[in-house]
Amino acid sequence: SAGINAEYGLNLNVQVVMDNFMCIEDIVFFSSNEDTGEWVPLLLLIPLRLGLSECNNIYMEPIKACFDLPHNVGAVGGRPNSAFYFIGYQGDRLLYLDPHVTQESLSPDSIDLERIPDESYHTRKVDLLPWEQLDP
């Protein structure tokens, strides 16, 4: 577990589930502060492969169910030579954003909370990738 609060003042634990299995006791352990025992937000990263040479259709409905969870933060994947950030689905196609589109950065010291220039944080372009084109 990696506590991401030392340098940035964030109160978040991140755990990579390396063997695609985590029991409830582990989740309780990783979502509590070691010193105080208080609840801490937990981001679980679950690397997995959805088939050998193509995505097995048996995974389609469970992946859709994951996107239906209220606290789902998305998934990273794509097709050969392309990486995408998946945010949902429509029918049998996955909705994705292209993480390679660059954004203007803001210095934390120069941000005026009353006038944050957030135009570049929004998009009108969400792409669709058919399930059969997804790289496992």
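Analyst: Start with the elements: helices (H or I, at least four residues) and strands (E, at least two) are DSSP runs, numbered from the N terminus. Val14 sits in strand β2, residues 13-16. This is a predicted model, where local features need pLDDT of at least 70, side-chain atom pairs count only at pLDDT 80 or more, and totals for chains, interfaces and linings use all residues. Residues are numbered from 1 along each chain as its sequence is written, and side-chain values use heavy atoms, with hydrogens and water left out.

User: Why is Val14 called buried?

Analyst: Buried means under 20% relative accessible area, exposed over 50%, partly exposed in between (1.4 Å probe, protein chains only). Val14 has 14%, so Val14 counts as buried. Across the chain, buried residues make up 19% of the 136 residues.

User: What pattern does the chain follow?

Analyst: Along the sequence, the pattern is β-β-α-β-α-β-β-β-β. That gives two helices and seven strands.

User: How do you know that the buried residues of α2 line one face of the helix?

Analyst: The buried residues in α2 are Met60, Ile63, Lys64 and Phe67. Viewed down the axis of α2, they fall within an arc of 100 degrees, so they line one face. The arc is that of the directions from the helix axis to the C-beta atoms. Their cover includes β4, β5 and β6.

User: What makes up the largest nonpolar core?

Analyst: A nonpolar core is a set of buried Ala, Val, Leu, Ile, Met, Phe, Trp, Tyr and Cys residues joined through side-chain atoms within 4.5 Å. The largest has twelve residues, among them Met60, Ile63, Phe67, Phe84 and Leu134. The elements giving two or more residues to this core are α2, β5 and β6 (93-97). α2 gives the most, with three residues.

User: Which residues does Leu134 touch?

Analyst: Contact means heavy atoms within 4.5 Å. Leaving out residues up to four places away in sequence, Leu134 touches Leu50, Cys55, Gly78, Phe86, Leu94 and Leu129.

User: What share of the contacts with a separation of 6 or more joins residues 24 or more positions apart?

Analyst: The share is 51%.

User: How far apart are Val14 and Leu42 in sequence and in space?

Analyst: They are 28 residues apart in sequence and 5.7 Å apart in space, C-alpha to C-alpha.
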